[in-house]
Amino acid sequence: MSLPNEIATAMESLDQLPSALLATILTKLDVSSICSVASTCTVFRACAHHILSFIPSFHLLETAPSMDLLRPLLPPNHWMKSMKVNCGRLDDSAIQILLQPSLQELCMLNCADFSGKLLSEIGGRCKDLRSLCLGSVAEKRGRAIHITDLEELLSGCTHLEALVLMFDVSFSMRHDFARVWALASDKLTSLEIGYISSVMVTELLSPNFEFPQSTSRIQPSILPNIHKLSLSVDYITDTMIGTISKGLTSLTHLDLRDAPLIEPRVTFDLTNSGLQLINQHGKLKHLSLVRSQEFLFTYFKRVNDLGLLLLADKCANLESIFLGGFCRVTDTGFKTILHSCSTLYKLRVSHGTQLTDLVFHDISATSLSLTHISLRRCTLLTNHAVTNLASNKNLKVLDLRDCRNLGDGALRAIGNLHNLKTLLLDGSDITDMGLPYLRPGVISSLIALSVRGCKKLTDKCISALFDGSSKLALQELDLSNLPNLSDNAVILIAKSRIPLLELRMRQCPLVGDTSVVVLASMLVDEERWHGNSLRLLDLFNCGGITQRSFRWLKKPYFPRLRWLGVTGCVNRDIVDALARSRPFLHVSCHGEELGAEQWDTGDDFHMHDYDEMDELEQWLQEGDYESGDEEMAEAENVAEAME
């Protein structure tokens with residue numbers, strides 16, 4: 001039987017299946033998978049259109065759809081419970097189709113072009129919400145949020161249990177702010193805010209704060225059942241710490257981050273006394289206190305070892321701790337935490353400028369079973385510290401970025417950690433000779449590996465890591481800022497058929513067009529044609545990239561690519577034409593890091609859960625990219641004529 005006849009027979013067989021059976025099967029899939037199936041035949045396409053009116057969840061975060069693309073995917077749906085959308089190309093006009101009344105979970109990221117109307121409409125339309133996450137609302141010039149918008153949100157969503165507002169909420173007078181937050185659901189247990197002043201936090205949670213025109217002698221408790229509180233503030237202060245710890249009686253998670261614009265005065269800073277106020281009700285399990293250097297190089301100057309001794313006495317039941325910017329704390333303070341918190345499994349320290357190997361000298365004698373360790377920018381650490389840390393055989397995440405005194409001896413110790421999933425060694429002193437220590441026990445289990453800025457590495461590092469002897473789970477590889485890395489290394493990666501989802505090679509002067517050609521032709525398995533699995537490719541400021549590379553960045557090559565970093569000065573017309581021809585591809589020309597949300601500080605451990613999205617693009621656009629390819633070809637011809 002010929003191939004066309006076989007296809008026709010298969011189509012007839014599908015037509016004979018009950019539509020209810022097909023619909024039941026497809027409802028078990030996510031949105032992208034439904035669209036993938038819909039692109040295969042008319043039977044599945046018709047079924048997909050039908051089930052989009054009653055699927056329980058709609059998640060589309062990796063791609064920012066326009067209104068024209070989103071509208072056919074979101075018909076009225078009384079059964080929808082969960083929606084997660086990247087709103088980078090949407091505005092207030094999308095509110096009507098996004099806000100389904102039946103929703104219990106709503107996540108809208110990159111809402112810069114929305115106004116405060118979004119908040120009030122959510123409060124009016126989505127009365128049954130349990131979880132709400134909004135990112136970057138009204139951050140575009142000309143957009144605004146009013147206190148009445150927040151008031152309608154909090155008064156309308158009376159069942160909220162988790163609320164994430166990743167934008168500046170200090171847009172009202174303090175009295176109005178406290179009055180409005182008093183309307184929040186008493187079921188709210190988790191609250192995360194992108195920015196709020198410490199004074200507002202203190203007055204909001206102060207037990208003796210008086211509401212204007214209140215006739216009741218006993219003031220209502222604000223946020224009485226909060227278990228998890230995460231705030232980004234102007235200054236972390238003793239007063240704010242004390243108010244939070246005293247007022248929130250059920251607190252188990254406390255995450256505070258500040259980024260001072262000017263050096264804080266003693267009354268607007270954290271001191272040893274403030275640390276003693278933490279965990280007054282004894283329920284705290286997770287603590288994060290971080291001072292960012294985003295605007296000013298500063299640290300917690302009024303906290304020393306005594307502060308951590310007082311903290312350890314109050315927080316013996318901590319399970320995870322993150323301390324960033326405690327530059328006056330020495331080994332004595334950090335060691336007290338390790339020996340006092342017997343249930344600790346996650347330890348994170350950033351800018352621990354006085355932390356040395358001695359902290360971990362006898363860690364094997366403790367009862368700790370650490371699974372996550374991050375010691376970023378702890379520059380005094382050496383191989384001996386890593387050798388002692390390797391006694392924690394269940395380690396899954398090891399972040400040693402910018403610990404520049406670590407060398408091949410550290411790799412030898414890490415080679416015994418067979419459960420490791422994430423290994424970050426940026427800026428260390430490792431060499432090609434040390435990398436075989438990771439093979440085969442560690443490299444076969446790793447999902448993310450970063451050796452960014454390890455200047456001694458050459459092309460040989462790839463053959464040292466990947467010899468083809470074991471099946472790899474590696475998804476993310478960062479080879480950025482390696483001056484001796486060339487196209488030959490990329491050829492070795494392609495030959496190894498590693499199913500990478502993210503490959504970063506920014507600031508590699510010897511990487512050029514050959515690497516793009518090789519990656520475009522890479523086959524991960526025999527059944528795929530242009531089978532490259534990359535979702536992110538960062539080639540920013542790679543010295544050998546020319547306009548010829550862009551011919552291989554067009555369709556059908558790199559079918560799953562969603563983030564691309566290049567240098568815009570290669571040829572701006574070609575870059576712009578590429579972006580227009582692939583509207584689902586985010587093309588960055590300014591050197592920003594790709595793939596992370598704007599509030600991601602780079603200190604957290606993120607693993608992307610990728611979905612298949614190439615068929616979604618195909619289904620929505622149905623070949624509209626051809627004109628874009630013609631535009632790119634025209635731009636290339638113009639560029640060549642100018643050479």
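This is a predicted model: local features need pLDDT of at least 70, side-chain atom pairs count only at pLDDT 80 or more; totals for chains, interfaces and linings use all residues.
Let's begin on the outside. To find Ile-262, follow the chain into the loop that runs between β8 (253-258) and α12 (272-276). Ile-262 has a relative accessibility of 54%, so it counts as exposed, given that the cut-off for exposed is over 50%.

Now for a loop residue with the opposite setting. Arg-535 sits between α19 (513-520) and β18 (536-538). Its relative accessible area is 2%, so Arg-535 is buried, since buried means under 20%. What does the side chain of Arg-535 make a polar contact with? The partner is the side chain of Glu-62, at 2.8 Å.

Helix α19 itself deserves a stop, as Asp-513 lies in it. Asp-513 is buried but has no salt bridge: Arg-548, the nearest side chain of opposite charge, is 5.1 Å away, and a salt bridge requires the charged atoms to be within 4 Å. The side chain of Asp-513 does make a polar contact with the side chain of Thr-546, at 2.5 Å. Beyond its neighbours within four places in sequence, Asp-513 is in contact with Gly-544, Ile-545, Thr-546, Arg-548 and Ser-549.

Finally, take a look at helix α14, which spans residues 331-340. Its buried residues are Asp-331, Gly-333, Phe-334, Thr-336, Ile-337 and Leu-338. These buried residues pack against helix α13 (305-314) and against the strands β10 (320-324) and β11 (346-350).

How values were computed. Residues are numbered from 1 along each chain as its sequence is written. Side-chain values use heavy atoms; hydrogens and water are left out. Helices (H or I, at least four residues) and strands (E, at least two) are DSSP runs, numbered from the N terminus. Buried means under 20% relative accessible area, exposed over 50%, partly exposed in between (1.4 Å probe, protein chains only). A polar contact is a pair of N or O atoms within 3.5 Å; within protein, one must be able to donate a hydrogen and the other to accept it, and residues adjacent in sequence count only if both atoms are side-chain atoms. Contact means heavy atoms within 4.5 Å. Lys and Arg count as positive and Asp and Glu as negative; His and the chain ends are not counted.
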